[in-house]
Every structure is written in structure tokens, then in C-alpha cells.
Amino acid sequence: MNKSALQLARAAYQPKLPKGLQGVVNLKAGKATQSVGDQEEIKKLFPNTYGLPLVEFVPSEGEQDDVNPKMNVGVILSGGQAPGGHNVICGIFDRVKRLNPDNKLYGFLLGPSGLVDHKYVELTADIIDEYRNTGGFDIIGSGRTKLEETSQFESGLEIIRQLDIKAVVIIGGDDSNTNACVLAEYYLANKTGVQVIGCPKTIDGDLKNDQIETSFGFDTACKTYSELIGNIERDANSAKKYWHFIKLMGRSASHIALECALETQPNICLISEEIQEKNMTLDDIVADMAATIAARAEKGDNYGVALIPEGLIEFIPAVKKLIAELNDLLSSEEYMADAPADRIEWLNKHLSADNAPVFSSLPRVFAEQLTGERDPHGNVQVSLIETEKLLAEMVAKKLDDMKAAGQFKGKFAAQHHFFGYEGRCAAPSNFDADYCYALGTSAAELIARGKTGYMAIVKNTTAPAEEWKAGGVPITMMMNMERRNGKMKPVIRKALVELEGKPFKAFAAKRDEWKKNTCYTYPGPIQYWGPTEVCDRTTETLALEQSK
């Protein structure tokens with residue numbers, strides 16, 4: 001396989017580890033924990049893994065804890081890709097081999113289905129060395145199969161027994177780690193002796209709480225998007241004739257959009273959580289954007305950059321209400337029986353008085369996107385809705401109306417972009433390379449000490465890597481009950497952008513100036529070698545959240 005110069009150089013990078021994972025490693029247990037909500041329900045569902053203590057790995061001058069050095073381990077990549085996943089696996093591999101050179105690491109192929117269907121590969125040193133400090137999940141592939149059924153657990157147990165696997169590490173987001181907890185509970189309740197450990201992954205940044213400071217991949221993805229946004233800002237400031245509408249990945253929360261705004265200082269950045277809090281309509285958003293464009297045009301600046309979160313449409317209260325009714329109507333017996341040739345016309349006749357005007361205000365192409373094929377859960381596929389084009393088209397119409405009324409004398413031409421897949425498999429930043437390697441090492445150490453139902457964590461991440469604190473948190477501690485697909489289920493609570501949080505407040509304090517003036521910053525590409533303040537810096541979000 002041919003390799004680029006960067007691949008060759010990055011292969012030699014040795015990720016940094018916290019002191020607690022260097023040399024002689026011991027474990028310090030904290031107090032018993034409880035779930036963030038619905039304690040009685042969560043405890044009833046997870047009687048064997050509920051209430052476990054937080055644990056931290058600490059350096060020791062004496063002998064190492066009593067650990068089990070003989071342990072084969074299985075690993076699964078679950079859900080969407082995130083930069084650094086390969087380094088989690090490298091961290092697990094290096095530590096299990098350090099504990100005992102005869103230990104083996106098995107990768108289950110294409111996600112959780114690999115465990116259920118007994119598709120796997122032994123990850124040897126030759127394979128691992130090809131993937132150190134690289135992006136992507138291609139070492140074993142990923143998938144979105146949910147581990148929920150007893151038949152799946154039992155099928156997985158067959159191959160676990162066959163390979164003499166002591167523990168399975170599931171690398172994934174909130175849903176994947178919820179599945180890890182369910183699996184850990186089942187294997188513990190049935191006295192199988194099999195442990196399950198999770199690792200926090202998602203570029204969306206919505207898997208975080210008091211114990212998880214950031215999910216891996218968020219740092220690299222945001223820096224990748226911010227480089228592209230900075231390039232577009234420079235182009236906009238050079239050509240001075242286009243408004244760039246940029247949609248950014250992040251369905252359930254606006255963390256990526258907020259971080260990229262803090263890094264690049266665009267003219268407009270929409271935050272879904274604020275729009276929901278203020279009960280804004282689509283027309284309100286369009287009017288605000290048009291006003292900013294008109295104000296800049298008065299100064300002769302007929303250009304700009306607007307950032308739009310992928311999930312925006314579901315946070316607009318009126319549209320969210322519309323989507324809920326559309327979901328019901330499109331799955332109704334009446335719709336199935338009528339089988340209308342023109343579903344838009346049919347829906348216009350059947351929508352409620354509240355939702356019909358909202359639906360009819362949408363351009364036809366977007367009404368069709370909003371009513372298109374549903375996902376397996378019956379929900380609208382938000383990522384397929386071209387929100388950036390919808391807003392640009394509605395803003396153009398608003399500006400035409402303003403021009404007719406003598407309120408806008410400038411020019412408006414839009415360019416559209418969607419940054420999503422560009423960031424999910426980027427070569428990990430030094431931060432993510434170090435962070436992920438420490439997570440993998442922590443996972444292996446948790447297994448060696450017999451822990452199950454835990455998620456590997458690393459804290460104090462704005463300090464130099466040696467001062468990070470590694471350990472584990474019981475997954476049940478992060479759970480509450482939420483309605484999913486019509487049923488109450490235990491899930492890890494998603495973290496949305498906090499409007500009272502330091503990152504949003506820092507953005508809100510400056511955005512009016514960014515609207516009026518051209519204040520762009522140009523982060524440039526991720527740097528791997530050079531001054532630590534350039535190469536090892538964290539995200540603006542993490543720096544603000546952890547600031548005293």
C-alpha cells in the first residue's frame with residue numbers, strides 16, 4: 001500500500017499518556033454513584049451494574065494492583081466515524097500486550113453485527129502498525145446494528161467463548177454506550193464472566209457531562225471544518241460578491257457550529273438551541289439573516305459567511321410541530337389507502353390549521369424533502385434536507401421584497417456548502433491522537449481489574465497530557481429515561497449547547513460585531529509539529545468550559 005509523506009511521518013508519532021497510566025498503575029475508587037435522573041427506574045433495569053463507584057488510575061511507587069494479565073479482548077467500532085478511533089484500538093492493543101505478550105485482540109467487523117454474526121479478525125502488530133495515528137474506522141469497519149435482543153447477546157457469547165475473550169470494548173456514541181451497558185448487565189446477570197467497557201465517540205460533541213469533558217473526534221472534525229470555513233472566508237473577503245451558506249454536521253446539538261464560529265468568527269451562526277428557546281419561526285430566522293445582509297450591503301459589503309447546524313429544522317418549534325404531524329399523516333392508513341400521486345397536494349388538504357400555513361410557506365423542493373423517505377424509526381431524515389439552500393432561497397425572496405420597498409439596495413448571490421463527511425475520518429489532531437490512545441489504555445486497564453459496565457474516561461484535558469486524569473465512569477451514572485419510538489427507554493442523556501454556558505456566552509458577546517464587520521479568522525490546516533500552543537491546543541469550547 002502506498003503511503004503519503006504525512007502517513008509515514010505520523011506513523012512514528014508516539015501518543016502521550018497521563019502519569020496515571022505510565023509505569024506502575026494503580027486504581028483508586030471513589031464513592032458510589034447514581035444515575036442523573038429516574039434513579040429508581042434505572043436501578044431496577046440495571047441491578048447488577050448500578051451504583052458502582054467512579055475509578056481513577058494513579059501512579060504508584062510500590063507494587064501494581066492485583067490484576068489479571070491473561071486476557072483476550074474483542075473490540076467493536078459502532079456508529080458514525082470519528083477521528084482517533086484507530087488510536088483507541090492501538091491503545092488497547094499496546095496495553096493488553098504489555099500485560100501479557102500472549103494476550104490477543106480481536107476486531108469484530110462492520111460494527112456490532114460482527115459480534116452477532118461471528119465475523120472478526122485477529123489484530124496483530126503488523127495490522128496495528130499500519131493504522132497508528134490515522135483517521136477513519138477502516139481497520140475493522142463500523143456499523144449501526146443495535147445490541148438489544150437476547151438472541152444477539154447469546155450469539156455473541158458463542159464466539160466470545162470460542163475465542164476465549166474476557167471482555168468486549170464498544171467504541172461509540174450515546175446509543176452505542178447505552179447498548180454496551182445493556183450487554184454488560186446481561187452478561188453479569190447471567191454470570192458469564194464477560195466484561196463490557198465503552199469509549200466515548202462522536203464528532204457531534206453531544207456525549208459529554210460532568211465526567212466526560214469531550215467525546216473523541218470533536219476536536220479534529222471542528223478543526224477540519226474550521227480550516228475549510230476559514231478558506232471560504234478568505235475567498236469571500238477576496239471576491240467580495242458572494243454570501244456562503246454553510247451547513248455543518250450535528251443533528252441533535254449545535255456544538256460543531258458553535259465551535260467553528262468561535263474559531264472562525266463568521267458573520268452569522270445559527271444556534272438551534274437558542275432558536276428553540278426563543279420560539280423563533282422560520283420567518284423570524286430569515287428576517288434576521290436578511291437584516292444582517294442588508295446592513296452589510298449598506299457599507300458596500302455584499303458578501304459574508306453564515307453557519308447553519310444540520311439539525312436546525314427540528315429545533316424550530318413550528319417546524320418541529322409540522323414534522324410530527326407529517327410523520328403521523330405519512331404513516332396513516334388513510335394516506336396508504338389514497339396512495340396520492342401528489343403527496344404535497346394531499347398533505348396540504350389534510351394538515352391541521354396550525355401546520356398548513358407553515359407547510360405552504362416552504363418552497364416546493366423543500367416540502368418534498370421534508371416529506372421524503374423516512375428513516376427506520378419513521379422519522380424525517382434531517383441530513384437529506386438542504387437547509388442551507390432553503391434559507392438562501394427564502395432570504396433571497398425576503399431581500400427582493402425589501403428591495404421593492406426601498407429597504408435594500410445591495411446585491412445578493414449565494415453559494416451553498418455542506419461540511420460533514422469531510423471531517424469524520426480526518427487524520428487525528430495531536431489532541432485526539434493522545435486522548436484516544438489514553439482512552440484505549442484506560443479501557444484495557446479497566447478490563448485487567450475486572451470492571452464491567454464502565455466507560456473509559458480522561459479528564460483535565462486542557463492541561464498537558466501528562467497531567468490528564470484517566471479512569472472510568474459507570475455508564476448507568478449518565479442515564480435517564482426518555483421516550484424513544486413511543487416507548488420509555490434508558491438512554492445516556494445528550495448534551496445540548498447550554499445557553500448559560502461559557503462557550504455560548506463568549507459567542508453571544510461578539511456576534512453583533514461579527515455581523516456588522518469583517519472579523520474573520522483563518523485557523524488553517526491542523527498542525528502536527530511545531531510550538532505546543534499551535535499543535536496541542538484544545539477546542540475553544542473545551543478551553544472556555546474548563547476555564548476557572
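Is N133 buried or exposed?

N133 is buried, with a relative accessible area of 2%, where buried means under 20% relative accessible area, exposed over 50% and partly exposed in between, with a 1.4 Å probe and protein chains only. N133 sits in the loop between helix 5 (125–131) and helix 6 (150–162), and although it is not a glycine, it has a positive phi of about 60°. Helices (H or I, at least four residues) and strands (E, at least two) are DSSP runs, numbered from the N terminus. D164, found in the loop between helix 6 and strand 6 (165–172), also has a positive phi, of about 55°, without being a glycine; D164, however, is exposed, with a relative accessible area of 52%.

This is a predicted model, in which local features need pLDDT of at least 70 and side-chain atom pairs count only at pLDDT 80 or more, while totals for chains, interfaces and linings use all residues. Residues are numbered from 1 along each chain as its sequence is written, and side-chain values use heavy atoms, with hydrogens and water left out.

## The nonpolar cores

A nonpolar core is a set of buried Ala, Val, Leu, Ile, Met, Phe, Trp, Tyr and Cys residues joined through side-chain atoms within 4.5 Å. The largest one here has 113 residues, and those with the most contacts inside it are I89, V169 and L248. Helix 20 (residues 430–448) gives the largest share of this core, eleven residues. A second, separate core has 48 residues, among them I285, A356, F359 and I385.

With contact meaning heavy atoms within 4.5 Å, and leaving aside its neighbours within four places in sequence, I89 is in contact with V75, L77, L105, L123, I128, I139, I140 and I171.

Helix 8 (residues 218–239) has 22 residues, which at 1.5 Å a residue should span 32 Å, and its end C-alpha atoms are 31 Å apart, which agrees; the expected span is 1.5 Å times one less than the number of residues. Just after helix 8, K240 takes a positive phi of about 55°.

Helix 9 is largely enclosed by the rest of the structure, because ten of its ten residues are buried; they include H255, E259 and T264. The buried residues of helix 9 pack against helix 8, strand 8 (243–248), strand 9 (268–269), strand 10 (304–309), helix 21 and helix 23. Just after helix 9, Q265 takes a positive phi of about 55°.

## The second largest pocket

A pocket is an open set of points on a 1 Å grid over the protein atoms alone, where a 1.4 Å probe fits, with protein on both sides within 12 Å along at least five of seven lines, and its lining residues have an atom within 4 Å of a point. About 640 Å³ of space lies in the second largest pocket, a volume being the space filled by probe spheres set on the points, which are joined across faces, edges and corners.

Of the 26 residues that line this pocket, K208, N209, D210, E498 and E545 are the closest to its centre. Helix 9 (255–264), helix 21 (502–516) and helix 23 (540–546) each supply at least two residues of the lining.

## K398

K398 lies in helix 18 (residues 387–404) and counts as partly exposed, at 33% relative accessibility. Leaving aside neighbours within four places in sequence, K398 is in contact with V286, A287 and A290. K398 and E259 are 139 residues apart in sequence and 29 Å apart in space, C-alpha to C-alpha.
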